[in-house]
Structure formats: structure tokens, C-alpha cells
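Reader: I'm new to reading protein models, so could you walk me through this one slowly, please?
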Amino acid sequence: MQVRVINISNNKLPKYETPASAGMDLRADFSRVTPENPIKVWGDAEIIFKGENHPNALLRLDPGARALIPTGLFVAIPEGFEIQVRPRSGLALKRGLTVCNTPGTVDSDYRGEIGVVLINLGLETAWIEDGERIAQMVIARYEQA
């Protein structure tokens, strides 16, 4: 299947890590986040900027807080398919981070940036780094009724 992708992040393109992988990792992209262009957050969370050009921004996500995390990816998938955005099991188990609307759906006619709504269901503050693997995407066929 051909999938057109525009990647405006500093991260590498998503790829299948093994021959039998169903999903590809999505990474946080804070490269365009500034005090004037912040991440959308709900609850106790904030972006922490480091350095002059903010190359190492971090997101603090306290328990119960959620954020719309940009990926820098724009895709065009064929009609009859969707992208499902799913949690990464390691993040869920170790840090209590999961995708709030799991699985999130990216429709074949959507052309905006893929964003991941992460929520901290853990008991401790979670820190998310620029470039960190935050979710996975699975391309799946669907049928309309």
C-alpha cells in the first residue's frame, strides 16, 4: 500500500520494527512548540523549555492530566482504510501513560497533523521528551454500513 507522508518533525519516519509488527511508533514532536504556540493541555501539565531555541523541551504531565501531543506527521491513506492510534504497552505499564481516546481514528480524508491525546493514569508525574515514542499507529481496513 502506498501512503503519502509529510514529516515536518526532526524525527525519523515511523517504520515497522520487525517483519511481523502490526504497528509503527509515533514520536512526540516539540520542535514547533513555543510559549506563543503551546501544547494543548488539560489538568496540571506544562511544557518546560530548555535552551534558547527550545531544542530539548519537556512536557510535565501530572496524574489525571492529558495533552494533545503533536507528531509532525501528515498522511494520506487510501479510502477504505483508517489509522488507529493505540497506546504503547510499556508506557502504560511503567508510567501509567495511555491514549485517552483509544484507539484514536485518523480517517482517510483527514489531512491535518496527527496528534496523540495522552493521559497520565499513573500515580506519579510523567515527563515526555521531544522525540520520545508515545503511541503506535496501525493501518486497518474498514467497511461502511
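Author: Let me start with a term: a residue counts as buried under 20% relative accessible area, as exposed over 50%, and as partly exposed in between, using a 1.4 Å probe and protein chains only. This is a predicted model, in which local features need pLDDT of at least 70 and side-chain atom pairs count only at pLDDT 80 or more, while totals for chains, interfaces and linings use all residues. Residues are numbered from 1 along each chain as its sequence is written, and side-chain values use heavy atoms, with hydrogens and water left out.

Reader: Okay, what is the protein's secondary structure?
Author: The protein has 1 helix and 13 strands, where helices (H or I, at least four residues) and strands (E, at least two) are DSSP runs numbered from the N terminus. Read from the N terminus, the order is β-β-β-β-β-β-β-β-α-β-β-β-β-β.

Reader: And what does the C-alpha trace span?
Author: Along its principal axes the C-alpha trace spans about 45 × 30 × 30 Å. The radius of gyration, taken over C-alpha atoms, can be set beside a globule rule of 2.2 Å times the number of residues to the power 0.38. For 145 residues a compact globule would come out near 15 Å, and the protein agrees with this because its own value is 15 Å.

Reader: How much of it is buried?
Author: Of the 145 residues in the protein, 41% are buried. The protein exposes about 8,500 Å², of which carbon and sulfur atoms supply 49%; accessible areas come from the Shrake-Rupley method with a 1.4 Å probe, and for residues only the protein chains shown count as cover.

Reader: How many salt bridges are there?
Author: A salt bridge here is a side-chain nitrogen of Lys or Arg within 4 Å of a carboxyl oxygen of Asp or Glu, and the count comes to 8 salt bridges. As background, side chains of opposite charge can pair when their charged atoms come close.

Reader: Which residue does Arg60 pair with?
Author: Arg60 forms a salt bridge with Asp44, with the closest N and O atoms 3.4 Å apart. Arg60 lies in strand E5 (residues 58–61) and Asp44 in the loop between strand E3 (40–42) and strand E4 (45–48), so the pair ties together parts that are 16 residues apart in sequence. Arg60 also forms a salt bridge with Asp62, where the closest N and O atoms are 2.6 Å apart. Salt bridges that share partners join Asp44, Glu46, Arg60 and Asp62 into one network.

Reader: Is Arg60 buried or exposed?
Author: Arg60 counts as buried because its relative accessibility is 14%. Asp62 is buried as well, with a relative accessible area of 11%, whereas Asp44 is partly exposed at 47%.

Reader: What else touches Asp25?
Author: Arg88 does: not counting residues up to four places away in sequence, Arg88 touches Asp25, Arg133, Ile134, Ala135 and Gln136, where contact means heavy atoms within 4.5 Å. Arg88 sits in the loop between strand E8 (81–86) and helix H1 (89–95), and it counts as buried because its relative accessibility is 17%.
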